[in-house]
Structure formats: structure tokens, C-alpha cells
Amino acid sequence: MSLHAIRPWRTIERRRSRQIMVGPVPVGGDAPISVQTMTNTLTTDVAATIAQVQACAEAGADIVRISTPDAESTRALREIVRESPVPIVADIHFHYRRAIEAAEAGAACLRINPGNIGSAERVREVVKAARDHGCSIRIGVNAGSLERHLLEKYAEPCPEAMVESALDHIRLLQDNDFHEFKVSAKASDVFLAAAAYQGLAEATDAPLHLGITEAGALMAGTVKSAIGMGNLLWAGIGDTIRVSLSADPVEEVRVGFEILKALGLRHRGVNIISCPSCARQGFDVIRTVETLERRLEHIKTSMSLSIIGCVVNGPGEALMTDIGFTGGGAGNGMVYVAGKQSHRMDNDSMIDHIVELVEKRAEEIEAEQAAAASGPRAAE
Ligand code: SF4
């Protein structure tokens, strides 16, 4: 049995949303749920920003957002877009000229709330720039910056206020016959964010960009994001995600993928199944897994590896993984390949050996996938 075998209890039925494009990346409909992050370099420091975008793309980011608070930043954006391996979203607040400049500079998407830019004429100009340059738009509602009239109406940030805010912004785009937009409704409170997204999912067919904003540092933010976004994704809601951490953006990408991988919504790289270890362990599980995570970072092929300290759970987990190692002998353990016992290996040599086996299996999987994609006629 493969870990990825389809079972009714493992299947998530996704909400049907409209599909839009962020550059070449489809968002919504049946497109894979994309993973986004945001740079934290100065946008005017072009070299540093390009390096960060490339690191994020290498970690798997499908889309990267960049702040463009001033004209110098939108000027810098042009070169960043040219060098970027992934589509760039320009993050704009309030100033409609920045949106037009970002569209002209090659941004694939503008994060801007049309209700915040001052006049119907300015909305028209931004929509025209987006249309002329093939940009989509993200409406980004945030519980921390709701419009004054909504706070007066609802007395506090609440799901109804967030949905109403989003629908007001949506209407402005629709009035201009612009439909290439996605929507987010972020809050740092997981209950508020989840309820707002559930409301939005019913109120619009626009693709939804999920996020638990200002989630905190790496560990606390990861837990919060996994709970908030995991719950929505499990219910089929969400077309693209951004994990917001006070940490390196590369970590946001890794956490985003881990959330999607845990739900079987994306598969990328080696999924390591490992035990917490205890006095029964036949080798140092924690150190081994830390080393293997680092040594296997370059593997992009989706596959599974079980690293289990002893025979209590080792053979069972190995049955469901591509490669497995279970401790238990005197200074050695059992290697499993494709769920079957294969051979014993000394603990001292097992890390290099497992890396070799994983690399070989990754090549085989890729060859199998290439053969399947080219079809039976190509094999004749
Ligand atoms: S699999 Fe074995 S070593 Fe690992 S936690 Fe369980 S009993 Fe302990």
C-alpha cells in the first residue's frame, strides 16, 4: 500500500472556485494549491531581493510577493521581475500610481484594495493597467485594517465585517468588468480568520488566498498556521496559501508545503516518517533525521522514507514507504525497499547509504513518471 493511495477517508473535496492566472501559475479551479511567500529585503536592494526570491523559488515557492511602497521600489521591480524564476506580486497599499507602475514593471499580480485608493477614476486606471499588462489582482482584507464605517457598523473586527469589506472591493472590480481577482481575509486570530474565509467561500466563487496573518515566530506561527489554514484546507477551502512567520521567507515556504503535504494536497520532496525515539531506539533517531533532512533537501521528487528506532513500529511504517530503516540489531538495522525487507546495514554507514538509496529511487520514480507521460506509443 502506498502512503498516497486514494481512500475515501483521505480525500478532500475542494470548493469549486473560478480559476485566474498569476503569470503562468493558475490559481483556483482544479489547479494545485500554490505556495506563496513574501520577501523581507529592501526592494530597492535589487541584488538582495533577487537572491531571496531565488532561494524561495528553490524551496518550492510558486509565487513571491514584494512590497512596493514608493516609486524607487516599483523601478527596482522591473529588474527583479526579469530575474525572477517565479511570478511576482506587487504589494501596494493606498497609492494607485504604485499599482500602475508595478503593472508596467511586469508584476504578475497586484495586491491592492480598490476601495482604498480614493476614487472611481483611480480604480478605472488601475484596472486598465492590470488589463493592459496581464496582471491579476488580489483583494487583501485584513482584520487589523478594516474600513472605519464597517468598524462603526459592527463595533469590532468580525467575520461579517470582513466579508462585507471583501464584497465591497469585489464590486468595484466587477463594476469595471474585471474578474481576474482572488481574495484574502486574514486575521491573526484563527477563529476569526476561519469564519471569515468560510463566509467568503459561500459569498463568492473567486479563488481564495489563505493566510493567518502575523502568526508569530517559527514554531508558534507554524502551529497557528497549521491549525487555521489546515482546518480550512481540510474543508476544501483555499486555492493558494501564504504562511506568515517572523522568520526567513524560505521557512514560510517549507511550512506551507508541509501543511499541504500533511493533507495530501501537494507532494514535493521526501516525506520523512520518523518516531520520537525512546530507550528502545537502536540508533540516534533525532540526530539521524536532522542530518537526513539536510542531506535530502535537493530531492524534489515526491517519495517517502521511514526512519524508526526499533521493531515496535519500524516494520509497519516501512510497509508504507519507499525506503525504510528500522533499528534493532547490535549496531545495525534493517533496510526496507518498496515496503519489503532488503538487507541489514551498520548504523555508522546508514546515513550515506540511505541518501544513495533515496537518490536512486527518486531517479526511478522520475523515469517511471516520464514513461507514463509519454504514453504506450512512445514505448513501442
Ligand atoms: S518506534 Fe521504538 S524507538 Fe521509536 S519511539 Fe517507538 S518504541 Fe521507541
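## Chatting through the model

Visitor: Hi! Where is Asp177 found?

Guide: Asp177 sits in the loop between α6 and β8 (181–186); helices (H or I, at least four residues) and strands (E, at least two) are DSSP runs, numbered from the N terminus. This is a predicted model, where local features need pLDDT of at least 70, side-chain atom pairs count only at pLDDT 80 or more, and totals for chains, interfaces and linings use all residues. Residues are numbered from 1 along each chain as its sequence is written, and side-chain values use heavy atoms, with hydrogens and water left out.

Visitor: Is Asp177 buried or exposed?

Guide: Asp177 counts as exposed because its relative accessible area is 53%, and exposed means over 50%, buried under 20% and partly exposed in between (1.4 Å probe, protein chains only). Its phi is near 55°, a positive value in a residue other than glycine.

Visitor: What about Ala155, what's its phi?

Guide: Ala155 has a positive phi of about 75°, although it is not a glycine. You'll find Ala155 in the loop between α5 (148–154) and α6 (159–175), and it counts as exposed because its relative accessibility is 69%.

Visitor: New topic: why does Arg15 count as buried?

Guide: Because its relative accessibility is 14%. Arg15 lies in the segment before β1 (20–22).

Visitor: And which backbone oxygen does its side chain reach at 2.8 Å?

Guide: That of Thr204. The backbone oxygen of Ala201 is also 3.4 Å from a polar atom of the Arg15 side chain.

Visitor: How many cavities of 30 Å³ or more are there?

Guide: One, and the largest cavity has a volume of about 30 Å³. A cavity is a set of points on a 1 Å grid over the protein atoms alone where a 1.4 Å probe fits but cannot get out, and lining residues have an atom within 4 Å of a point. Points are joined across faces, edges and corners, and a volume is the space filled by probe spheres set on them.

Visitor: Which residues line the largest one?

Guide: Ile112, Pro114, Ile117, Val126, Val127, Ile137 and Leu173. By class, that lining has seven nonpolar, no polar and no charged residues. Ala, Val, Leu, Ile, Met, Phe, Trp, Tyr, Cys and Pro count as nonpolar, Asp, Glu, Lys and Arg as charged, and the others, Gly among them, as polar.

Visitor: Last one: how is the protein chain divided?

Guide: Into domain 1 (12–262) and domain 2 (270–379), with bounds from an automatic or database domain assignment. Their C-alpha centres lie 37 Å apart.

Methods. On a 1 Å grid over the protein atoms alone, a cavity is a set of points where a 1.4 Å probe fits but cannot get out, and a pocket is an open set with protein on both sides within 12 Å along at least five of seven lines; lining residues have an atom within 4 Å of a point. A polar contact is a pair of N or O atoms within 3.5 Å; within protein, one must be able to donate a hydrogen and the other to accept it, and residues adjacent in sequence count only if both atoms are side-chain atoms.
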